Amino acid sequence: MTERMTGAQSLVRALEHVGVDTVFGIPGGAILPAYDPLYDSTKVRHVLVRHEQGAGHAAEGYAQATGRVGVCMATSGPGATNLVTPIADAHMDSVPIVAITGQVASAAIGTDAFQEADISGITMPITKHNFLVTDPAEIPRTIAEAFHIASSGRPGPVLVDIAKDALQATTVFEWPPTLQLPGYRPVTRPHSKQIREAARLIVEASRPVLYVGGGVHKARASAELRTLAELTGIPVITTLMARGTFPDSHPLHLGMPGMHGSVAAVGALQRADLIIALGARFDDRVTGQLASFAPHAKVIHADIDPAEISKNRHADVPIVGDCREVLVDLAAAVKHEHNEGRRGDYDEWWALVGGYRSTYPLGFDEFADGSLAPQYVMERLSKLVGPDAYYVAGVGQHQMWAAQFIGYENPGSFINSGGLGTMGFAVPAAMGAKMGKPDATVWAIDGDGCFQMTNQELATCAIEGVPIKVAVINNGNLGMVRQWQTLFYDQRYSNTDLQTARRIPDFVKLAEAYGCVGLRCERPEDVDATIAKAMEINDVPVVVDFVVHQDAMVWPMVAAGTSNDDIKYARDMAPIWDSEE
Ligand SMILES: Cc1ncc(C[n+]2csc(CCOP(=O)(O)OP(=O)(O)O)c2C)c(N)n1
Ligand SMILES: [Mg+2]
């Protein structure tokens with residue numbers, strides 16, 4: 001197909017052809033030519049956000065809920081730089097997004113022109129790939145390449161920066177374009193020799209653990225994971241990015257590893273003789289002090305990105321491939337071992353780790369003064385809202401409680417900012433998730449600090465008819481930082497009191513000002529009724545101000561830089577690992 005049109009028209013046409021239905025953005029001078037044909041598109045809905053950071057996180061939420069590429073758009077200079085945080089966020093969590101930015105006219109590039117920022121230079125280290133387009137003829141092919149790169153292999157963010165004159169010029173639109181990506185060929189098929197070696201280690205091991213990261217969900221491999229887990233009977237651990245990839249209620253599940261993981265998951269990794277890492281990257285929040293992490297374990301490490309393998313922890317059996325294909329092949333290879341009479345015996349191992357799980361369950365303290373414990377709010381949300389909803393967290397204590405106390409049964413049902421830890425993620429990401437899955441219930445679980453960073457997108461939600469629900473876990477503080485001050489800075493609370501106790505701002509009034517319903521809940525006995533009320537409202541967004549006690553802490557905890565062996569399940573309370581040790 002060949003047709004004459006402007007570069008801007010060819011951009012919109014290309015977006016339609018790659019199947020984009022939603023774009024989040026804000027117009028401005030350099031991108032303005034693109035907004036004109038966008039106005040006429042019947043296939044692409046543009047959602048006018050209130051801040052470009054909101055556009056980027058919304059694209060991420062959309063991508064994570066749907067598995068498709070999320071799209072955000074901004075003008076040059078400050079519009080583009082406002083996208084830097086969500087682009088970095090998507091890079092850390094391997095979220096497929098395409099960011100389209102207008103650039104000053106090609107003749108002005110490099111002259112410090114009005115609203116010029118070298119956004120492709122700025123985002124070079126935080127994008128999977130980026131493009132600066134100055135030739136209008138290259139727009140369709142670049143868009144096709146950007147979507148292919150963002151969504152294939154290890155997903156990630158791609159930036160397409162287009163000079164204003166390229167958008168304005170007349171060009172020839174051709175579709176489908178021929179991709180020109182020599183050298184970009186992600187390996188998805190695992191090597192059969194590595195698979196056989198991994199299967200052999202699995203049946204020979206006596207203390208194996210399946211360490212499941214976000215890559216397993218990205219490969220849509222939950223069913224295949226379950227098959228391997230049930231075939232072998234190996235305990236399963238799901239990282240912050242993998243919550244729900246394996247059902248929390250499954251008897252083989254030990255919980256989340258890492259700094260705020262369960263004693264069972266952390267203890268199992270430390271005592272394992274074999275770690276089967278799937279789409280996980282041995283993040284420092286998981287390993288704790290690296291030198292003392294899982295000292296007795298051999299490692300099978302499967303990842304689609306070869307750069308991850310042996311990056312932090314040496315892999316004895318490296319497997320490069322798509323996690324779904326790896327899991328299918330591994331299950332077949334393990335079955336072959338079983339047929340040959342070789343089978344792992346993990347009974348003693350289960351006696352140990354099952355003991356950790358029953359002796360050290362997650363728990364929390366209620367407050368004698370009758371004030372609300374944040375963990376209780378999570379438990380009731382989990383119970384009353386159920387596992388079919390999406391839960392989208394901010395960053396801080398509330399995020400950890402949401403990871404710990406909500407029961408996840410479905411892959412991808414917990415969406416959060418794991419790698420970058422971006423405050424302000426929840427509200428816009430929840431908006432994007434809800435737009436991607438309009439029939440689903442979407443709860444943002446936000447902190448009072450995070451909420452004040454991006455709550456302006458409530459206006460977008462109210463106007464665009466996106467009825468998300470927001471639980472603000474209002475502890476009056478930058479709680480996670482305060483927790484570290486309590487534990488490591490002698491309770492010197494430097495600059496963590498947000499003074500929300502004075503109701504500045506009043507979150508109920510703020511919600512109402514944005515055209516949402518605002519509710520407040522301050523006591524445990526009101527939690528169920530408040531959640532029920534929020535669940536009844538489906539035409540407008542709802543914000544619930546859950547006023548909770550400021551002293552609640554996230555436990556268990558491995559203090560930063562220390563060994564996972566030194567995990568505490570409450571203040572100064574260390575688990576007893578093993579009677580023989
Ligand atoms: C953009 C950004 N700035 C600063 C931080 C550091 N930080 C991590 S958690 C946190 C406190 C978050 O406060 P709040 O949203 O109220 O959550 P809480 O921990 O109280 O649940 C801060 C400041 C961050 N993660 N992101
Ligand atoms: Mg807080």
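The structure discussed here is a predicted model. Gln53 has a relative accessibility of 16%, so it counts as buried. This residue is found in helix 3, which covers residues 52-66. Leaving aside residues up to four places away in sequence, Gln53 touches Asn82, Thr85, Pro86, Thr422, Met423 and Thr454.

Gly61 also has its place in helix 3. Its relative accessible area is 0%, and therefore Gly61 is buried. When residues up to four places away in sequence are not counted, Gly61 touches Ile415, Ala429, Gly432 and Ala433. Gly61 and Phe425 are 364 residues apart along the chain, but the distance between their C-alpha atoms is 8.9 Å.

## The surroundings of ligand 1

Ligand 1 is surrounded by 16 residues, and the closest are Gln397, His398, Asp448, Cys450 and Gly479. By type, the shell around ligand 1 holds six nonpolar residues, nine polar ones and one charged one.

For Cys450, a polar backbone atom is 2.7 Å from an oxygen atom of the ligand. For Gly449, a backbone N or O atom is 2.8 Å from a ligand oxygen atom. For Asn477, the distance from a backbone N or O atom to an oxygen atom of ligand 1 is 2.9 Å. On its own, ligand 1 exposes 580 Å², and the protein buries 75% of that area.

## Helix 21

Why is helix 21 described as largely enclosed by the rest of the structure? The reason is that seven of its 10 residues are buried. These buried residues are Gly479, Met480, Arg482, Gln483, Gln485, Thr486 and Leu487. Helix 17 is included in what covers them.

Just after helix 21 comes Asp490, which takes a positive phi of about 60 degrees.

Key. Residues are numbered from 1 along each chain as its sequence is written. Chains are lettered from A and ligands numbered from 1 in the order in which they are written. This is a predicted model: local features need pLDDT of at least 70, side-chain atom pairs count only at pLDDT 80 or more; totals for chains, interfaces and linings use all residues. Side-chain values use heavy atoms; hydrogens and water are left out. A residue is near a molecule or strand if one of its heavy atoms lies within 4 Å of it. A polar contact is a pair of N or O atoms within 3.5 Å; within protein, one must be able to donate a hydrogen and the other to accept it, and residues adjacent in sequence count only if both atoms are side-chain atoms. Accessible areas come from the Shrake-Rupley method with a 1.4 Å probe; for residues, only the protein chains shown count as cover. Ala, Val, Leu, Ile, Met, Phe, Trp, Tyr, Cys and Pro count as nonpolar, Asp, Glu, Lys and Arg as charged, and the others, Gly among them, as polar. Helices (H or I, at least four residues) and strands (E, at least two) are DSSP runs, numbered from the N terminus. Buried means under 20% relative accessible area, exposed over 50%, partly exposed in between (1.4 Å probe, protein chains only). Contact means heavy atoms within 4.5 Å.
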